[in-house]
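Hi everyone, thanks for coming.

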Amino acid sequence: MNMEYLSTQPYKGVRDFYPEDMAIQRYIFDGWAKTAERFGYARVDASIFEPSALYRAKGQENEEMVNEQTYTFTDRGDREVTLRPELTPTLARMIAGKRHELYFPVRWYSIPNLYRYERPQRGRLREFWQLNADVFGDNTIACDVDMLVYVANIFKDFGATLDTFVIRVNDRGWMNSVFDSLNLTDEQKRAMFLLLDKKNKITAAAFDAEAKEIIGADFTLPSPSADSRIMQTVNILHDLGITNVVIDPAIVRGFNYYTGLVFEIYDTNEENSRALGGGGRYDNLTEMFGGDPITGIGFGMGDVSMVNFLITHQLLPENLTPAPTLTILPLEEIAAGEAIKIANKFRAEYIATVVDATDRKLGKKLEHACDDGIKFALVLGSDEVTSQSYTLKNLFTREQTTGTAEELIKKILS
Ligand code: HAM
């Protein structure tokens, strides 16, 4: 028979999560959740589907994102739908929708899966998860500072030291005022932001030449003054011991919605060259839903680059895959219900228990259980069932204990 078999590979740029991958994901998500909640953020989520118009609305158009990087389709009811490429517009929608019920400032975090039609590469895929944390309704310097203190703590909580990552900051408000003082048109400003975005990837001479072409004169970026918001922010952070924050005029961020502080987090190991996370302050995002603008500040960081970061710095613990604690191995003569009845006694005490009634050899079963990280085995024969006295084997130490189920439960929990 000549049959075309399907590939077992997943779709391009997405991942299958086998138990060991799932265990890593869970470790990261649990860590993210813990730090977020320690800083007072409440968890939210939404659907992966959004009306495409959400990403086209004025003031937040990111042309590359909308035109080239979204998964957009027309549903059976003729609606144009986009799989969310980021969460920020969704959050703006949710905040605007409940603006009269919410008590500001609002602190929300989430770990959504997002979809971007990107060229898959190290740290970038087509489906990824992203920690998002945003504060709405607080435009103070204290809020900017605390956001970056929180960012630094996410890394610290995974065991990272401040020399393993750097937070590059800039202020789009300040950049805009520099451009205003040069009387640049909106078109020229836009071109300058794009040029700054690639500043670290081109030579100084190439940057100067292109800048001159855009503004028609030599361009020198002034330093922010000591009393500027960005300098104050950085100084407070340094005083608070977050010393790996640096001002970098090349940080302008791809999304047009940012209006103030912008930042990106980088691994200091060049193996991971793409940003680990990024965000900033945006003042007009709820505008498209009407009503007074609500200020927001937040960031996103991806799971793919986080795994790379943790592996690079040897911060990912081994043996994250959870294993049951006990395996019950009934001999042939044992009725199915009998083994499960005993298993349930252990489960009732929150001891993770499996029953392996397959006809593989007992020796093999014990070997595999040990390899899988199962600590205890209980071989169940008719003698054990009659006497209700069982022998528990510790597969790691080879120690054996005989007793009733209650006694063995105590032993396991001790
Ligand atoms: P973003 O810079 O597009 O910002 O993404 C933030 C982070 O998400 C990146 O630094 C990276 O870690 C991760 N990321 C982005 N694209 C991919 C991809 N294709 N594969 C894997 N990871 C990726 C935003 O999304 C803003 N909405 C963040 C924000 C929240 N701003 C304010 N609040």
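Which element gives the largest share of the shell around the ligand? That's strand 12, with five residues. Before I go on: this is a predicted model, where local features need pLDDT of at least 70 and side-chain atom pairs count only at pLDDT 80 or more, while totals for chains, interfaces and linings use all residues. Numbering starts from 1 along each chain as its sequence is written, and side-chain values use heavy atoms, with hydrogens and water left out.

Okay, the shell. There are 28 residues around the ligand, counting a residue as near if one of its heavy atoms lies within 4 Å. Among the closest are Glu86, Glu118 and Tyr258. Helices (H or I, at least four residues) and strands (E, at least two) are DSSP runs, numbered from the N terminus.

Now the polar contacts, meaning pairs of N or O atoms within 3.5 Å. Leu125 puts a backbone N or O atom 2.7 Å from a ligand nitrogen. The side chain of Tyr257 has an N or O atom 3.0 Å from a nitrogen of the ligand. Over at Leu276, a polar backbone atom sits 3.0 Å from a ligand oxygen. And how much of the ligand does the protein bury? Of the 660 Å² that the ligand exposes when taken alone, 96%, using Shrake-Rupley areas with a 1.4 Å probe.

Definitions and conventions
Polar contact = N/O pair within 3.5 Å; in protein donor to acceptor, adjacent residues only side chain to side chain.
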